[in-house]
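I am opening a notebook on this structure. The entries below follow the order in which I looked things up.

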Amino acid sequence: MIRMLLRVLGHEYGGPVRRTVALMTVTALVEGLSYALLVPVLRALFGSTPGDAWPWLYAFGGAVAGYALLRYVSDRSGFLAGSTLLRGTYHRLGDHLARLPIGWYEGGRLGEVSALASRGVLQAMAVIAHLLAPFISACVTPLTIVVVMSAFNWQMGLAASAAVPIVAGIQMRAGRSMAATDRERHERDHEATGRVIEYLQAQPVLRAGGRTAERFRVLDDSLRDVRRASRRTALSALPGVVGLALAVQTMFTVLLALGTYLALGGNIGAAELLALLVLAARCADPLLSLSDIGGQLRGARYELTRLDEVLRTEPLPKPTDPVQPALHDLEFESVTFRRGGRTVIDGLSLSVPQGQRLAVVGPSGSGKSTLLQLPARFHDVDGGAVRLGGVDIRAIDPDVLMGQFAIVFQDVHLFDGTIEENVRLGRPDADEADVRAAATAARLDEVIERLPGGWSAHVGEGGARLSGGERQRVSIARALLKDAPVVLLDEVTSALDPVNEAAVHEGIERLMAGRTVVMVAHRMRTVRRADRVVFLDGGRIAEEGSHDALLSRGGRYAEFWDVSLTPTASE
Ligand SMILES: Nc1ncnc2c1ncn2[C@@H]1O[C@H](COP(=O)(O)OP(=O)(O)OP(=O)(O)O)[C@@H](O)[C@H]1O
């Protein structure tokens, strides 16, 4: 467990953790030894000269004081190590998440990562701060007491030590038999967290579609699964808990019977027997707490395993000898990319000369958005290469590469801050005048004038206080401010009101001017402005050429616009 903890955290934390474990072990030893002093105390008290108990009592008091001091120091060391590790883990996890390909976040990772980053990390780090001391004490203190008992009476010591393998065996068996139910409970737990997040995020869609109750049932089923799994875990823990209690009781009864037999035979004094039984009783509590601590340790181990899995996920490989692209033309050479076992970009080759605009058109699912994500390394290609300025993008430092692109996708993510802060994300060190100029060029100034608070108006979580078109304008302003040489644009598909439509269109035109552009186009008037159009189908280029040439060819592209522009019967 400690080994896994250090692997997850990095071995630079090995020193404090090992020191803490050593301190806790010494504390548990001193605790066991201080109990040992009870034997001479009781022997003297019940013997012919009770006054002889005083020196032993002083020694006992001293040992208990020493134990209390050590306990304070070791608990403090546990808390300090725990909080250092917690900070370290957050940093390590944060750094790692920032280096994972953006595509990794697709497919329901949100719930998983947020559960891991909050509860998971805390639970895993609680091992050092809260679980290690009781666990070490529950193992070391009884063992010390058994050794002490053997020193006073070997028969009693031998009988007590017989309990050691029995208790260890019960613990290991309980751990093994609970592993499956524990894992299931944790998996259900994580799944339910994902469902809750999905349910909350999908509220507008669910309400609009009148599907709230239906989706709630899915969430409710998931929560019911958690309940069932928790019940199964509790039930599977019972044999271990009962077995441990029985073993401890049996050990005590055997010691009592053996002690009585020895006392009746004159092999041990009554006072000594009483003292040894007091020692045996002191073993019971820590031993019984083992089943509870074991359960918590298994929970922490599960979270550590998940943390380990995320930290072992390969980050975006960084080039050892990065190359800086001098030009900004884009080239896809025989690019193949698979998703979920399916080939979604299939041996595609195309090039976009510097300063030219390429429009990508095609039916839904043909791979348009995927194609747009590849130059910015949201995913690495499975075959072929994407080149920027003639350099394979994998040979460019990821930060430098991202600096080359202004990205305007349909899902505009705004942070819960002011409009200004959101625009400034494009270039955090931009001066006031540049930020205002970008906002004006994106016709965001009209929005700002209308909003109470103007530039300082808060956009709400995810930009909820702005309309779709207004959010799009923020995203365009951000991209304009970034002033990157290549624009990757996924044109918004939803219908905007005429004012927003015109503003967004104007902003996009300004953004594209003089830059290399790859855009997924959904409107005829945007495609017309492109230098070249590719029509994608099944991840391959079905047709390519200029808009007019493709239209006059009367092929798939012409048919596509025919169908798109023909009003449906219901309209
Ligand atoms: N996260 C994912 N995991 C697995 N497959 C995916 C994932 N995202 C997309 N796909 C699949 O990849 C293919 C291409 O998807 P993509 O989103 O690029 O198409 P598109 O042409 O942009 O579609 P649309 O116009 O509907 O947005 C589709 O078949 C889709 O099912």
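**Entry 1: the chain as a whole**

What share of the residues in the chain is buried? I find that buried residues make up 35% of the 571 residues. I call a residue buried if 20 or more other C-beta atoms lie within 10 Å of its own, exposed if 12 or fewer, and partly exposed in between, with C-beta atoms placed from the backbone. I note that this is a predicted model, in which local features need pLDDT of at least 70 and side-chain atom pairs count only at pLDDT 80 or more, while totals for chains, interfaces and linings use all residues. I number residues from 1 along each chain as its sequence is written.

I list 20 helices and ten strands. Helices (H or I, at least four residues) and strands (E, at least two) are DSSP runs, numbered from the N terminus. Of the contacts with a separation of 6 or more, 78% join residues 24 or more positions apart. A contact here is two residues with C-beta atoms, placed from the backbone, within 7 Å.

**Entry 2: annotated spans**

I looked up the UniProt record, an unreviewed entry, which places the feature "transmembrane region" at residues 21-41, 53-70, 127-152, 158-175 and 234-255. Its positions are given in the numbering used here, feature names are shortened, and annotations may be inferred rather than shown by experiment. I checked two of these spans in the model. Residues 158-175 are 94% helix and 0% strand, with end C-alpha atoms 27 Å apart. Residues 234-255 are 100% helix and 0% strand, and their end C-alpha atoms lie 31 Å apart.

**Entry 3: a sheet**

I traced an open sheet of four strands in the order S2-S1-S4-S5, with antiparallel pairing. Two strands pair if DSSP finds at least two bridges between them. The edge strands, each pairing on one side only, are S2 (342-352) and S5 (391-392).

S1 (residues 330-339) is joined to S2 by seven bridges, and Arg 339 has Arg 342 as its bridge partner in S2. Two bridges link S4 and S5, and Leu 388 has Val 391 as its partner in S5. The hairpin of S4 and S5 has two residues between the strands, and Gly 389 takes a positive phi near 55° in this hairpin.

**Entry 4: around the ligand**

Which residues come nearest to the ligand? Of the 13 around it, they are Gly 340, Ser 364, Lys 368, Ser 369 and Thr 370. I count a residue as near if its C-beta atom, placed from the backbone, lies within 6 Å. Helix H11 (residues 368-373) gives the most to this shell, with three residues. By class, the shell has one nonpolar, nine polar and three charged residues. Ala, Val, Leu, Ile, Met, Phe, Trp, Tyr, Cys and Pro count as nonpolar, Asp, Glu, Lys and Arg as charged, and the others, Gly among them, as polar.

**Entry 5: the cores**

I take a nonpolar core as a set of buried Ala, Val, Leu, Ile, Met, Phe, Trp, Tyr and Cys residues joined through C-beta atoms within 7 Å. The largest has 65 residues, and Ala 359, Val 360, Ile 476, Ala 477 and Val 487 have the most contacts inside it. Helix H16 (residues 468-482) supplies the largest share of this core, six residues. Apart from this core lies another of 60 residues, including Val 121 and Leu 307.
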